[in-house]
Amino acid sequence: MTMSEHAEEEVFGRLPGSQLETRGGALGLSYVGEKGFFGVAVSTYQTEYGLPGHSHGHHEDDHGEEGPDEEEHDEEGHDEEHDAHEHGEEELPPILDLEQTRVDLEAGIVEPFAGVRSLNFRLGINDYEHREIEGTEIATLFAREAWEGRLELRHTPILGIEGAAGIQLGDSDYSVMGEEAFVQPVDTQTAGIFWVGQRRFGTLGMEAGLRFDSVELNPASSQSRARDFNTVSASLGFIQPLFEQLTFSGQLDYSSRAPIAEELYSFGPHLATRSFELGDETLDEETATNVSVVMLVCR
């Protein structure tokens, strides 16, 4: 067999680690009445797939002095490795096995009391896990158990301003276990309050929003320090028709974001991204400011 024929033979066939199998389903039930509604849904998602081109195999070369026996041993080892390759015993790409179960609940009441047009409540519970499998063993296990709840009310106009206000709470337990545990277990608790509103002044429409959040991250290791952040986001916008076919609008936004657990506490290799994750416990909030002006012509 010539070299070109051998290369052509390697191109065709099944690519190791290219398999993919996915399963999922959802079931929901709801009740809708004149004064409100209630609903609950349960969904599951499972998938198993390989990582083509990924391998944990490595070779260490010793460039020190070698005696005759060591050289002979290296040659024998090389021959054994070559024989294993010929018989299809080389290391196969890793497999990722992912599983997620989610429960969502939502309820709403119309005009529960004076001054409130509607009251809505949402709760989401998520159980996520994925395993990185090498051969027949689980090398690394990623798991996250989290819940998030949100209560929102729409109020009647106050000084001509229509709007909505609410609170949002959440908790997330994240852990990585195994030989590639690049981040320690971390519990993240969040709490936020927000308000958005709008009002018209003749032909001018104004919109505004404000949100405050508190984020606490508590790592499992006593060698890492817990962090807490307070973030603020705000926006102010307007829209003004100038002529029948011309509209002028603008928006000013300010937002801040707390770092997540991986950004603070990571330290180690990550198989899926083929990178070495390195966190920084001294990170502060990330902030952004945006200004936009739009002139819209309608024909």
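1. Asp97, Glu99, Glu129 and Arg131 are joined in a network of salt bridges, a salt bridge being a side-chain nitrogen of Lys or Arg within 4 Å of a carboxyl oxygen of Asp or Glu. Within this group, the side chains of arginine 131 and aspartate 97 meet at 3.1 Å, N to O, and the pair links distant parts of the chain, with arginine 131 in strand β4 and aspartate 97 in strand β3, 34 residues apart. Strands here are DSSP runs (E, at least two residues), numbered from the N terminus. Both arginine 131 and aspartate 97 are buried, where buried means under 20% relative accessible area, exposed over 50%, and partly exposed in between (1.4 Å probe, protein chains only).

2. A word on the basis of these values: this is a predicted model, in which local features need pLDDT of at least 70 and side-chain atom pairs count only at pLDDT 80 or more, while totals for chains, interfaces and linings use all residues. Residues are numbered from 1 along each chain as its sequence is written, and side-chain values use heavy atoms, with hydrogens and water left out.

3. Arginine 102 and aspartate 104 meet through their side chains at 3.0 Å, N to O; arginine 102 is partly exposed at 31% relative accessibility, and aspartate 104 is partly exposed at 29%. Glutamate 162 forms a salt bridge with arginine 117, the closest N and O atoms being 3.9 Å apart. Because glutamate 162 lies in strand β6 and arginine 117 in strand β4, this pair ties together parts that are 45 residues apart in sequence. Glutamate 162 counts as partly exposed at 33% relative accessibility, as does arginine 117 at 29%.

4. The fold contains an open sheet of 11 strands in the order β1-β2-β3-β4-β5-β6-β7-β8-β9-β10-β13, with antiparallel pairing; two strands pair if DSSP finds at least two bridges between them. Its edge strands are β1 (20-32) and β13 (286-297), each of which pairs on one side only. From one strand to the next the twist averages 10 degrees, with axes taken as lines fitted to C-alpha atoms and angles running from 0 to 180 degrees between N-to-C directions.

5. Glutamate 21 has glutamate 48 of β2 as its bridge partner. Of the 13 residues of β1, the number buried is 0, so this strand lies largely in the open. Further along the sheet, strand β8 (residues 204-219) is joined to strand β9 (residues 227-243) by 13 bridges, the two running antiparallel, and serine 214 has asparagine 230 of β9 as its bridge partner.

6. There are 3 aromatic pairs, counted where ring centres of Phe, Tyr and Trp (its six-membered ring) lie within 6.5 Å, with planes under 30 degrees apart taken as stacked, over 60 as edge-to-face and the rest as tilted. Phenylalanine 142 and phenylalanine 182 form a tilted pair, 5.8 Å centre to centre and with 50 degrees between the planes. Phenylalanine 142 lies in strand β5 (residues 137-158) and phenylalanine 182 in the loop between β6 (161-178) and β7 (186-201), 40 residues apart. Phenylalanine 142 is buried at 4% relative accessibility, and phenylalanine 182 is buried at 5%. Phenylalanine 238 and phenylalanine 248 also form a tilted pair, at 5.5 Å and 55 degrees; here phenylalanine 238 is partly exposed at 29% and phenylalanine 248 partly exposed at 26%.

7. On the surface, Phe121, Leu151, Ile167, Ile193, Leu210, Phe212, Val232 and Tyr254 form a nonpolar patch with about 640 Å² of accessible area together. Patch residues have over 30% relative accessible area and no salt bridge, like charges being joined within 9 Å and nonpolar side chains (Val, Leu, Ile, Met, Phe, Trp, Tyr) within 5 Å; the areas come from the Shrake-Rupley method with a 1.4 Å probe, only the protein chains shown counting as cover for residues. One of the members, tyrosine 254, is found in strand β10 (residues 246-257) and is partly exposed at 37%.

8. Two backbone details deserve a check. Glutamate 111, in the loop between β3 (95-110) and β4 (116-134), has a positive phi of about 50 degrees although it is not a glycine, and is exposed at 53% relative accessibility. Leucine 159, in the loop between β5 and β6, has a positive phi of about 55 degrees and is exposed at 73%.

Note on methods
Helix = DSSP H or I, 4+ residues; strand = E, 2+ residues; numbered from the N terminus.
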